[in-house]
Amino acid sequence: MSKIKICNWGGDESVVYNIEFGDMHLLSSFNAELLALMQKQTVQSLLIEKVSVTHGIERQEAESYLNSLRIEYKKINLLD
Amino acid sequence: MLDDHLVVRFLRHYGQGTLTSIDFSSYPWEILIRQARRTNLLSRCAFFLCELELLDKVPKQPRIHFINSIKLSDANARSAKVEVKQIYKALSKAKVDFVLLKGAAYVWAGNNASKGRLFTDTDILVAKENLVIAETALANSGWLTSSLDVYTQKFYREWMHEIPPMTHLKRQTTIDVHHTIIPPTSRLKPKPIKFWQQADAAEDMPGLYVLSPIDMIIHSATHLFHEGEFEQGLRDISDLDLLIREAIASQNGWDKLLHRAVELDLVKPVYYALNFTKKILDAPIPEDVINRAIFQAKMSKFDVKLMDVLYGRALATNHVTNKMKGQGVARWFLYIRSHWLKMPVHLLFPHLFRKSWLNLTGQKDH
Amino acid sequence: MLVSELPFEKINADFSDSGLCFKTGIFNIAVTSNIPAVTRHIRHFYSHYDCNNETDFIDLHVEVKAVGGYRRFYRPQVSFSFDGYEPFIPLPINQAPAMFEWGLNWCIANTAHHYLIIHSAIIEKDGYGLILPGTPGSGKSTLCAALVNKGWRLLSDEMALLSLADGLIYPAPRPVSLKNKSIQIIKDFAPDAVFGEVMIDTLKGDIAHMLAPQSALAEQTTAVKPAFLVFPHYKDNAEKKLIGLPKSRALMTLAEHAFNFNILGKQGFDSMSNMIENVECYDFTYADLVTALEGIDSLIK
């Protein structure tokens, strides 16, 4: 069972609800999408690919972006 | 006396396995709900009905109240688990082991006393030498000591030897950090290390413990009958009833309980727990176990009688008898007038009792 | 039978010993009180409410009583209790009717978990439900009072009861509570509106209640489908502005207005996000009631 619910109504922002903790976060829709992929244990290389393509940045930069995102998500209990 | 109490009878029915035999269509649900709400037992009653798949038999209007109260205790359990995880995060980083106590422990252990249990604070026990480290670790994770005045702070730290309750900045949840089982100022002095030694380690979370089932009974008894925390009297008796029925199934179990109570120097509260859980909720406790507890607590016949009368009186006081006439006129008279809730503390402490003898015998409805 | 049809003595007797029962929406309420101002308040504001039969199930028993003790001689106070539990500290006795209303709100918000309970006014016109959440100073109650005097139906000025079962909002009509300047503003705006005594200097300033319009009672069992979610912002001299609000933002904000959002957990989130999905969301800035009314009415045209 998924631990989060994501609501997106087509805008740039999505609402992420943490089912276990009962709190809500407003994220950019792209970051919310990444979160959903992280939760599904998507392989890192695919995530890097996605970030570098979408943001038009180097793979290395994309990787560090993903890493800091992961740290933030862990802090607010969106990832274990 | 207490038998007249609908919520007590309801709990007894559950214990005896006869809840299925009540007349669901004509049962005075409104009165039960009011009494149960009053005693903080509504979600427990609801849980019992739900567990036995009897909710559908309850008429719609009361059923809604039961279902809603289950949502409340579910939310309580959910947030307690989140809270424990957060505390664990903070304390394991600081390498501080801790034991969960009371409500949070029941929920974490998933024992019967967690059924429909409502509570607000999370109580934890840490070793005395870790107290300062624990406080710092928790403060770094967002739990702040409530803004108490200097006097109250001093009271806590010097007299209670405890950290004042800490409240989480964002979640507004409160932790009570203890380092002893009962306040160090009290007469009985059980050694906390003895509780630690038999505590059960939680799965997959090294450093997190709950008390052993027997110690949970003793701790709960001590809280109720020694510290005189009677605001939740009937709820606590119900906890004890559930804990006792779950943990003790054989003669061997009773021996262990009494042995342990002696070892911890807490026989007296255990005697009261056994005695009143049996008297009030008909917990299946053999007479000889109670007699042995009396003997080991070194209580005279007079003491025993006195306490029985005392509690009986205290319980009968202010208690408007429930006339089970259903909904009409009875509705207004049936209603509990505080009994547990407003029971003056002096009624509950044997060592304070003698002084207030005169007061007590002249006890009036008030 | 209506409360007003009870014999006069019966009302008083009921108040002091057995309680007076009335229905609001789906709730059966019993109230006891030994305070004359509360009796007057109930007789004034609840006389057209249905009484319950002796055999009806009562959902909430509340008591508003003068606090005993020596204080009653020099600083009389009132306490509110719900089956013996007192959620508030006692207040000066002149606030007794307000305390009754606040207390009843508290009871509903803390027990009716078959609804997601949103702190907002909820009104209806032509079948369209309009939710006006209550940020402090937004003028939610004033706007609500104005609208229900001009053709909108009042469901509640304090809480929207969003059913978890069917996504509809259920009414629980009660008198509308107005504060400070709003009292006179509404008296001027709707001279026919019926008010009670003004309670001076309560926790929330001066307070007066306005009688719930007849339409609110007539349709108190008719639930509505939420159609609009409008966050009102009262601003002196501002130009009227109705601006679409992204649903994500609306959801984040509205969750803070739901009393029992945490208690309901995922179920609460699901029903709130479903509702947001199906309503139009706006921020609405206004400076006066006449243009505010035009703005709100334009939504349903």
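In chain C, strand E3 (residues 60-66) and strand E4 are antiparallel and are joined by five bridges; helices (H or I, at least four residues) and strands (E, at least two) are DSSP runs numbered from the N terminus, and two strands pair if DSSP finds at least two bridges between them. The model is predicted, with local features requiring pLDDT of at least 70 and side-chain atom pairs counted only at pLDDT 80 or more, whereas totals for chains, interfaces and linings use all residues. Residues are numbered from 1 along each chain as its sequence is written, chains are lettered from A and ligands numbered from 1 in the order in which they are written, and side-chain values use heavy atoms, with hydrogens and water left out.

Six of the six residues of E4(C) (residues 77-82) are buried, so the strand is largely enclosed by the rest of the structure; buried means under 20% relative accessible area, exposed over 50% and partly exposed in between (1.4 Å probe, protein chains only). In a regular strand the side chains alternate between the two faces of the sheet. In E4(C), Gln77(C), Ser79(C) and Ser81(C) point one way, Val78(C), Phe80(C) and Phe82(C) point the other way, and all are buried.

Helix H5 (residues 140-148) of chain C is mostly covered, with nine of its nine residues buried; among them are Lys140(C), Cys144(C) and Val148(C). Chain C as a whole contains ten helices and 16 strands, and 59% of its 301 residues are buried. Of the contacts (heavy atoms within 4.5 Å) in chain C with a separation of 6 or more, 70% are accounted for by residues 24 or more positions apart.

Chain A contains an open sheet of three strands in the order E1-E2-E3, with antiparallel pairing. Strands E1 (4-7) and E3 (24-28) of chain A stand at the edges with a single partner strand each, so one side of each has no neighbour in the sheet. The twist averages 25° from one strand to the next; angles run from 0 to 180 degrees between N-to-C directions, and axes are lines fitted to C-alpha atoms, for helices over the stretch in contact. E1(A) pairs with strand E2 (residues 13-18) of chain A over four bridges in the antiparallel sense, and Tyr17(A) in E2(A) is the bridge partner of Lys5(A). H1(A) packs on this sheet, touching E1, E2 and E3 of chain A, with its direction at about 115° to that of E3(A). Helix H8 (residues 247-257) of chain C also packs on the sheet and touches E1, E2 and E3 of chain A, its direction making about 160° with that of E3(A).

In chain B, the axes of helix H4 (residues 60-93) and helix H5 (residues 102-109) come within 10 Å and cross at roughly 95°. H4(B) and H5(B) are therefore roughly perpendicular (angles under 35 degrees count as roughly parallel, over 145 as roughly antiparallel, 65 to 115 as roughly perpendicular and the rest as oblique). Ala77(B), Lys81(B), Val84(B) and Lys85(B) of H4(B) meet Ala104(B), Val107(B) and Trp108(B) of H5(B).
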